Amino acid sequence: AMHQVHEGHEHEHEGQSHLYGDPHIWFGPDEALAIASSLVDILVQSDALHAAQYQANLAVFASQLRLLDNELRAWFSAASEKKYLVYHDAYSYFEAHYGLTHVAQVTEQPDSKPGAKSLLELRKLILNGGAVCLFIEPQADRGIVSLLQENSELKIYQLDPMATDFEINATAYLAFLRDTADRFGE
């Protein structure tokens with residue numbers, strides 16, 4: 001029932017402003033920069049005294065992000081196209097930005113389980129070489145993952161969409177973005 005709620009809204013947004021109803025906007029470098037800029041505007045309004053510092057920090061973040069982004073774009077465009085699955089569709093901003101496409105997703109919602117029919121279709125896809133790896137989140141259902149992996153060459157890579165493994169500091173977002181790219185590039 002959760003899914004129904006979102007369905008009508010996807011067409012109200014222009015262009016890619018809210019890809020496929022995916023709320024994980026921080027996976028998009030452009031979106032992350034827009035968030036940072038908005039935060040700086042708010043900080044400057046409420047604390048004008050330190051405005052120059054906030055703007056300087058933003059400028060550093062923006063240039064570091066641009067450098068990393070260019071590096072990752074070049075890297076992804078040179079990498080060979082891998083056929084991969086995602087546990088759920090949480091990476092649309094990252095994928096759209098770097099020109100990646102998943103073959104299929106295991107489940108619509110992270111907390112719902114795929115039905116027997118979907119699992120059979122996924123198994124068939126994997127065994128026929130239609131997918132070589134699967135990206136999962138820490139909360140992915142391990143039973144389903146091992147069922148999909150059974151008697152196949154399927155590799156499992158864990159992603160960390162909530163960045164739980166990162167210490168909060170000035171370069172945390174850059175580290176998170178690079179880490180995500182590393183995991184996609186394996």
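Tutor: Gladly; what follows takes the labels one by one and sets them against their definitions.

Student: What should I know before we start?
Tutor: This is a predicted model, where local features need pLDDT of at least 70, side-chain atom pairs count only at pLDDT 80 or more, and totals for chains, interfaces and linings use all residues. Residues are numbered from 1 along each chain as its sequence is written, and side-chain values use heavy atoms, with hydrogens and water left out.

Student: What is the mean pLDDT of the chain?
Tutor: The mean is 87, and 89% of the residues reach 70 or more; pLDDT is the predictor's confidence in each residue, from 0 to 100. Over residues 1-17, though, the pLDDT is below 50. That stretch has 9 contacts in the model beyond near neighbours in sequence, a contact being heavy atoms within 4.5 Å.

Student: Why is T180 called buried?
Tutor: Buried means under 20% relative accessible area, exposed over 50%, and partly exposed in between (1.4 Å probe, protein chains only). T180 has a relative accessible area of 3%, so it is buried. Leaving aside neighbours within four places in sequence, T180 is in contact with F27, F94 and L159.

Student: And why is A175 called partly exposed?
Tutor: A175 has a relative accessible area of 34%, so the label is partly exposed. A175 lies in helix α7, and T180 is in helix α7 (residues 172-185) too. Helices (H or I, at least four residues) and strands (E, at least two) are DSSP runs, numbered from the N terminus.

Student: How do you know that the span of α5 is close to the expected one?
Tutor: The expected span is 1.5 Å times one less than the number of residues. Helix α5 (residues 116-127) has 12 residues and reaches 16 Å from its first C-alpha to its last, close to the 16 Å expected.

Student: What makes the buried residues of α5 line one face?
Tutor: The buried residues are L119, L122, R123 and I126. Seen down the helix axis, they fall within an arc of 105°, so they line one face of α5; the arc is that of the directions from the helix axis to the C-beta atoms. An α-helix has 3.6 residues a turn, so residues three or four places apart point the same way. On the other side of α5, K117, L120 and K124 are exposed.

Student: What do the buried residues of α5 pack against?
Tutor: They pack against β1 (84-86), β2 (104-105) and α6 (142-149). Just after α5, G129 takes a positive phi of about 80°.

Student: How do you know that β3 and β4 pair?
Tutor: Two strands pair if DSSP finds at least two bridges between them. β3 and strand β4 (residues 155-158) have 4 bridges, in the parallel sense. C133 has K155 as its bridge partner in β4, and I136 has Q158. β1 and β3 also run parallel, joined by 3 bridges.

Student: What makes β2 and β4 edge strands?
Tutor: The open sheet of 4 strands has the order β2-β1-β3-β4, with parallel pairing. β2 and β4 each pair on one side only, and they are the edge strands.

Student: Which residues show that both faces of β3 are covered?
Tutor: In strand β3 (residues 133-136), C133 and F135 on one side and L134 and I136 on the other are all buried. In a regular strand the side chains alternate between the two faces of the sheet.
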